[in-house]
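Visitor: I'd like to learn how to read a structure like this one, feature by feature. Could you take me through it?

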Amino acid sequence: MEHIKTPKVGNVRWLDNHSRNSTEGTLYLTATHLIFVDVQRNKETWIVHTHIQSVEKLSIGQAGSPLRIRCKTFQVLTFLITQERDCHDLYSSLLKLSKPVKIDDLYAFSYNPRGEQLSQQEGWDLFSLNNDYMQMGLPTRYWKVSRINNEFGLCETYPRLICVPSLATPALLMGSAAFRSKRRLPVLSYLHENGSVIVRCSQPMAGLNSRSIEDEAFVDLIRRSKSGPDDFMYIVDTRPMLNAVANRAQGKGYENTDLYENIKYHFLGIENIHVMRNSLNKLLDACEDSTNTVGAWLEAVNNSGWLKHVHNVIQVSRFIAHAVGKENRSVMVHCSDGWDRTAQTCSLAAIMLNPHYRTIDGFLALVQKEWLHFGHKFTHRLGHLDGDPREVSPVFTQFIDAVWQLMRLYPCSFQFNEQLLFDLHDHAYSCQFGTFLGNCAKDRQVHSLTSRTYSLWGWMMKRLKSYTSPLYHAVEQHKPENKLLLPPKLPHCVRFWRAMYNRFDKGLHPRQNVTAIVKTLYDETAKLTNDVASMRKRRNQLRQKLGFETQKNELTPQGDVSPMSSPSHKATTLRSKSPTLVKIPRRPASTDDVQSLAPPQAEPQTLRHAVHSTPDIASISSNKKPSVSIGGALVQSSDLVVSFSTQCLSDSDEEPVANSNNVVTEKQLESAPEEQQLPKRKILIPDELAGGPDHEVEIPESGWDLIQHKVLDPSVNGVVGAPS
C-alpha cells in the first residue's frame, strides 16, 4: 500500500484504440488491482497488477494526460486523465506495483477465493509425476523410476523423481550430470507403446575437445533400452547450428558423433529467447496499429516472423513424433539448457503421439510434467518479478499458440477448446495462483507454495464444462489410424490467432462463433434429455401409486403380465405381424343391444386398468354386423371373428405404431410353428351377444392390453353400453 499515492481518480475517459469512442468513469487503485468503473453502464473492469507489462505516459493534450497500459494478455488500455498530477501518480504507482521485488509480494499470497468454494489443498496433488509415469506404463523391463534426486542433489532444476534406464548406476548418472549444462542429464520424457522413447536433457559441456566416458556410456544405454537394441538413435538439437557452434567457444556445444555410437545428429533451427521476444513485440505492434491498410498489416505480420517461428516449432515436434511413432526410433532432445525449446518440442510431440494428452486431464498433466516439474523458468520468462528484462521471453505463449494450431487442424481430436488455453495462458501471468510461481520444483518447495497459495488446477477443475469442446470424438481417437497426428509441412497451414492477440478488440471478431453455437445446441439437447428422463421417472412413480408395478423394464397391472400394457418407450414387447382371428357362431344381434353413444366417463367400471388414452378398435366390416371390442379385440357376432389388433413397440423412444390388419384364419393360426404362437387366455362371450349358449374365446396375451367389454353399433359407428 505504500506505493499507492492516489487511490481514486474521477472523470477518467477510457479511449477506444480503434475508434474515437470513449467511456467515462472512475479509476480505483488497490494493492492488487486497477479497477475502472463505468457508472452509466454499471460495469467494472478489473486488471491485476501482474498482468501489466508496461506503462507509458503519452504527450499531454488539451483534454488531459493520456496513460497507456499494455498487458501481458495483449490488452491495451488508454486512459485520458484530466489532471496531470493524478496521471503521474498513477504512472509511478503502477510501475512499482506491476514489478514486485520479492516473490512474497505477488498476488497469490494474498488471494482469497471467497465465493469460489475452493479449498487451499485442492488441486496440488492432482497431476503428480508418479501418476504420469504410471499412465505411460512405467516402470518397465528397460526403464525405472529413480529417487536419486530426492534431495535435489543430482540436479537442482529437476524433480525428485526421474525415469532412467534400468541398468544405469548412480555413478553413471552422476558422471553424466557433471558433463551436462546445469547438470541436466538425459532423463525420460515420454515412453511410446512401441518401446521408443523421447529423452530430454541440456547441451553437453563438450567445448572444443572435451568428452565424458560416463555420458557416452549413458547415452548408449538409452539407445539400447528398447527392443531392437542395435538401432540407431536420433539426437535432435533444436538450436540453429551456428548457435551451437558458437557455444563451443564457451565450453559448451554439442555431441561429437565420432564418440557417441549409432547416433544421427540433427540441428533443427529454433531461434533463441531473444529472437522470440522481439518477434512477438513486432506482431503486437502490427495488431495495435489501426491505421494500417490490409497490405501493410500483412507485411507487418510477415516481417515479425512470429508465424514462421510457430511453424518451425511445430515442424521440429513433428520430426520427433514421426521418428518415434513411424520409424520406431528413440530421440534425445536438447537445446542450450533444456528448459525452453526442449519443453516446447517434447510437449508437442507427446500431444501428436498420444491421444491421452489431447484430453483435458492429459494436457494439464503434460504441462505439469514438462513445464513445471522439469524446470521451465516461469518467474524469469514471464517477468513475475523485477529483474533482468533479457530473461523475459514468450516461450510458453508460443507453445500455447502451437497447441491452438493443432486444434484448428484437428478439431475433433481435442477434448478441450481455446477457452482452456486462454485461462491457462492468462493465469500463468496473473500470479493469482501459486502453480506457475518459481523456476523449478525446488523453488516451489522452498517458498512452501502448496501450503501458502491456491492451485490453478483446483480452480480449473470446477470449470470443466466451459472447457469441453463439442466437436471432440473420444472413441475415434483410439483407432490406430487416429492416434498419431502429423500436421502438414506447408507453411500456410499456420494461421494468425486473432482470438488471442486481438482478443479485446471486439469489432474484429465475428458476431457468432460456430463452436459456441454447437456447444449451445449440445447443452440444450442434454437439458431436454434430462427433462424427458425426469418426466418419465415422475410418470412411473404415479403409475406405481395407481397400482402398477415394474417387471422387466415394463409397467403392467398387478397380477397381469402383459407386454402391451406397458407405456415404457424402452420396453421389449411381443411383435405381431397380423391380428389373430377366431371364428364365433353367428347370431343376429338384438335391437336391445344397440344404445346411444356414451362417453367413457359414464362407465368407469369398464376402464379398469386403461393404459392408453384411446383403445385400439378395429374398423367395422362392410356387412354392418354388431361386434364387441375387448381390449383391442373386435368380436363380431356373425361368422365372425375376434380380431386382436396388437401394437408394436420398438427399442427406441418412438411411440407405439399400430400393426397392419392382415387377416390370419384359425386354420393358419393352428398350423403356425409353436414358437410363433402367442400366449392366449380365455374369456366368456355372453349369450346376449353370441345368440346362444355362452362361448369361450381364447385371447392372445399380446392383445390383452385393455380389459373392457363394449358393443359397437354399426348404425352410429360408436361405442355403446356393455355388460360388466
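Visitor: What does F363 touch, not counting residues up to four places away in sequence?

Guide: A contact means heavy atoms within 4.5 Å. By that rule, F363 touches I351, H356, Y357, F399, V403, F416, L420, L421 and L424, leaving aside residues up to four places away in sequence. Keep in mind that this is a predicted model: local features need pLDDT of at least 70 and side-chain atom pairs count only at pLDDT 80 or more, while totals for chains, interfaces and linings use all residues. Residues are numbered from 1 along each chain as its sequence is written, and side-chain values use heavy atoms, with hydrogens and water left out.

Visitor: And how do I read a nonpolar core?

Guide: In soluble globular proteins, nonpolar side chains tend to be buried together. A nonpolar core here is a set of buried Ala, Val, Leu, Ile, Met, Phe, Trp, Tyr and Cys residues joined through side-chain atoms within 4.5 Å. Buried means under 20% relative accessible area, exposed over 50%, and partly exposed in between (1.4 Å probe, protein chains only). The largest core has 120 residues, and F363, F396, L421, F436, W457 and Y501 have the most contacts inside it. There is also a second, separate core of 20 residues, with I4, V9, V12 and L97 among them.

Visitor: What about the protein as a whole?

Guide: Of its 724 residues, 50% count as buried. Its secondary structure comes to 23 helices and 26 strands; these are DSSP runs numbered from the N terminus (helices H or I, at least four residues; strands E, at least two). Among contacts with a separation of 6 or more, 68% join residues 24 or more positions apart.

Visitor: How many residues line the largest pocket, and which lie nearest its centre?

Guide: First, the idea. On a 1 Å grid over the protein atoms alone, a pocket is an open set of points with protein on both sides within 12 Å along at least five of seven lines, a cavity is a set where a 1.4 Å probe fits but cannot get out, and lining residues have an atom within 4 Å of a point. Here, 38 residues line the largest pocket, with W14, K43, T45, Q75 and F504 nearest its centre. Six lining residues come from α13, the largest share. α13 (418-430), β1 (8-15), β2 (22-29), β3 (33-38) and β4 (43-48) each supply at least two.

Visitor: And the cavities?

Guide: The structure holds five of 30 Å³ or more. A volume is the space filled by probe spheres set on the points, which are joined across faces, edges and corners. For the second largest cavity that is about 50 Å³. Its lining is I270, E271, N272, I273, M276, D340, R341, Q344, V395 and Q398. α6 (273-288), α9 (341-353) and α12 (395-409) each supply at least two of the lining residues.

Visitor: L138 lies in a loop. Is L138 buried or exposed?

Guide: L138 counts as buried because its relative accessible area is 7%. The loop runs between α2 (129-135) and β8 (143-146). L138 touches Y133, W143, C163, L188 and L191, again leaving out residues up to four places away in sequence. L138 and C163 are 25 residues apart in sequence, yet 8.5 Å apart in space, C-alpha to C-alpha.

Visitor: Where is G64 found?

Guide: In the loop between β5 (52-57) and β6 (65-71). G64 is buried too, at 7% relative accessibility. Beyond four places in sequence, G64 touches L80, I81 and T82.
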